[in-house]
Amino acid sequence: MMATNSPDLEGPSASEATPLAPSSPSGVAVGPPAPRPTRWPAARVFLAVASTVLVMMVVLARGHHAMTARVPLERHDFDASQEEHEKISLTLPASPLRSSVEGLLGRHRQKGEGAALRWGILGPGRIAHDFAATLSVMGCTITAVAASHDDEASSALARARKFAKLFSIPKYYGSYEELAADPDVDIVYVATTNQNHMQPTSSMLRAGKNVLVEKPTTLTYEEAKMMYDEAKKRGLFLMTNHWTRFFPLVKYLRRIFLDSDDANALDEEESATLDPAVEMRHDLGKALAMRGDFSFITPLNPSDRYLNRTLGGGVTLDVGCYLVELALLAAYDHRQSHQSTMGEMSSEALKEYLMPDGVEATGHGVYEGRSFPVDVESSFSLRWGGGAEGIAVDGDGSTYSATDPSADEFTMIGSFQASFRRPSSFDVEYVFERGRIVVHGPGNCPSEMTVYEHENRYGPLVRETKVQFPLPPIRKALLRYGRPNYPRPEGFAYVIEAIEKCMTEMGVPGRAEGLERGEGCLELEENTIEEQLVTVEVTEKVLKKMNYFGKGHHSRC
């Protein structure tokens with residue numbers, strides 16, 4: 001047993017010992033008599049022996065656990081560093097679109113300038129620079145550019161002229177109205193700041209122009225719904241530039257989500273570049289959870305759009321909406337993979353299905369000792385499954401309701417963060433029943449991911465597949481127009497190619513070439529109208545939870 005300082009067992013402690021009394025002339029100590037030895041009652045002896053036995057039992061038990069813990073009976077994690085497993089590295093085609101960038105250039109040369117899709121640029125800012133550079137390198141036709149009418153007329157015209165000179169654009173305007181009236185523009189790329197998307201987009205649609213509007217579509221669902229209703233009424237193409245959906249890696253990811261017999265089979269163009277011995281199917285089961293952190297350090301500049309409320313600033317609108325979009329991919333593709341059992345859905349029913357059952361969010365505007373009226377830091381979660389309450393409790397909660405484990409219900413929780421004041425890897429992780437996928441950053445324009453496949457639920461790791469899709473080889477060409485303002489601008493080639501191809505094959509809505517209203521290219525399968533509207537609505541719910549709009553904001557959210 002361990003020694004103690006208890007006076008009942010061993011007398012006074014060293015600090016409480018009685019001092020020696022002074023000696024008498026005879027040498028005999030004068031003072032109180034020495035204490036008599038304490039006798040232990042039988043009960044205390046029994047307790048002491050019992051304590052000793054208990055300590056010995058604990059020591060023996062710990063020793064047994066230390067010996068047996070090295071051979072666990074069942075593994076309960078997704079540890080990628082565990083025992084030996086198969087490792088595969090795949091580099092897939094640089095441009096697995098239906099036609100390559102080089103093919104697009106050739107097609108324009110064959111069609112001639114008059115037949116090409118004619119682009120207009122509205123808002124010659126930083127993002128418009130990168131988009132126009134990609135259009136130019138791809139050989140697309142840009143016929144006009146217009147600067148903001150919020151500036152003085154001379155200043156707006158000067159900005160438009162400078163932009164037009166850089167990209168050899170033949171016409172430039174100092175107002176949006178002039179661009180809307182230009183008969184040589186088929187589609188307008190709206191690249192204004194976040195709060196100013198609805199008005200110019202609606203103006204272009206009313207003038208008969210097709211529109212690609214930069215994300216976020218708008219700040220509220222009502223505004224976005226009005227825009228899409230206007231496009232539908234006029235039989236025109238309207239799409240938010242959710243470019244992430246068009247990256248080949250994301251298309252490959254979506255084939256895994258579909259989880260059907262041939263969902264992961266590559267098409268002929270992709271298969272031709274691969275080793276036929278490589279098995280490309282990934283048996284991961286349903287998606288259960290997701291997480292992501294999109295954060296970067298912005299300049300501490302209150303007049304810049306990042307921190308400026310009047311310009312629609314805030315980190316959720318800037319990059320948090322990407323995380324919402326990536327979560328919705330899993331929900332939409334789960335529905336598609338079970339279409340045979342779920343049946344067809346109306347547009348409204350599909351939007352209702354895609355909506356999370358629960359949205360929670362918080363955030364703040366504090367940055368370097370200053371408080372901004374936008375979210376500098378944002379944290380939110382999205383939940384599919386469990387209904388409005390999340391946890392169903394019947395009666396006293398002592399019972400449970402049985403459900404079919406193979407049911408079609410989509411149940412996933414996503415946890416996300418975004419920030420303007422710290423860096424992050426921009427990775428995104430999906431966790432499935434039998435593995436996980438890590439989309440390596442930047443997750444909003446990805447080219448690499450790793451797929452971890454496990455033998456069964458939480459079982460041993462059996463295969464690790466690194467997948468890479470090289471970006472279009474146009475980076476050096478883009479530098480002719482100056483340094484890009486954002487990462488991986490060559491990724492715009494994917495969405496541009498999809499639009500150009502659809503317009504070529506289906507027809508350009510609004511052109512006087514025999515198309516009836518409602519005919520032509522009106523929607524792309526990679527980015528359905530329902531998914532675009534739900535992205536806006538979920539993002540608005542997140543913003544409302546953190547009081548972005550203030551207490552007076554009212555909407556359907």
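Predicted model: local features only at pLDDT ≥ 70, side-chain atom pairs only at ≥ 80, totals over all residues.
**Helix packing and an open sheet**

Trainee: Which residues in H7 and H8 meet?

Mentor: From H7, Met198, Thr201, Ser202, Leu205 and Arg206 meet Glu223, Met226, Met227, Glu230, Ala231 and Arg234 of H8. By class, the residues of this contact are five nonpolar, two polar and four charged.

Trainee: What makes E1 and E9 the edge strands of the sheet?

Mentor: The open sheet has nine strands in the order E1-E17-E16-E15-E14-E8-E13-E12-E9, with mixed pairing. Strands E1 (86-91) and E9 (358-364) each pair on one side only.

Trainee: How do you know that E14 and E15 pair?

Mentor: Pairing needs at least two bridges, and five join E14 (residues 428-432) to E15 (residues 435-439). These strands run antiparallel, and Phe432 has Gly435 in E15 as its bridge partner. Helix H9 (residues 248-258) packs on the sheet, touching E14 and E15 among others, and its direction makes about 20° with that of E16.

Trainee: Why is H16 described as largely enclosed?

Mentor: Buried means under 20% relative accessible area. Of the 17 residues of H16, 13 are buried, so the rest of the structure largely encloses this helix.

Trainee: How do you know that the span of H16 agrees with its residue count?

Mentor: At 1.5 Å a residue, residues 529-545 should span 24 Å, and the end C-alpha atoms are 25 Å apart, which agrees. Asn547, with a positive phi near 65°, follows H16.

Notes: Residues numbered from 1 in each chain as written. Heavy atoms only, no water. Helix = DSSP H or I, 4+ residues; strand = E, 2+ residues; numbered from the N terminus. Expected span 1.5 Å × (residues − 1). Buried < 20%, exposed > 50% of the residue type's maximum accessible area, 1.4 Å probe, protein only. Contact = heavy atoms within 4.5 Å. Nonpolar A, V, L, I, M, F, W, Y, C, P; charged D, E, K, R; others polar. Axes fitted to C-alpha atoms, helices over the stretch in contact; angles between N-to-C directions.
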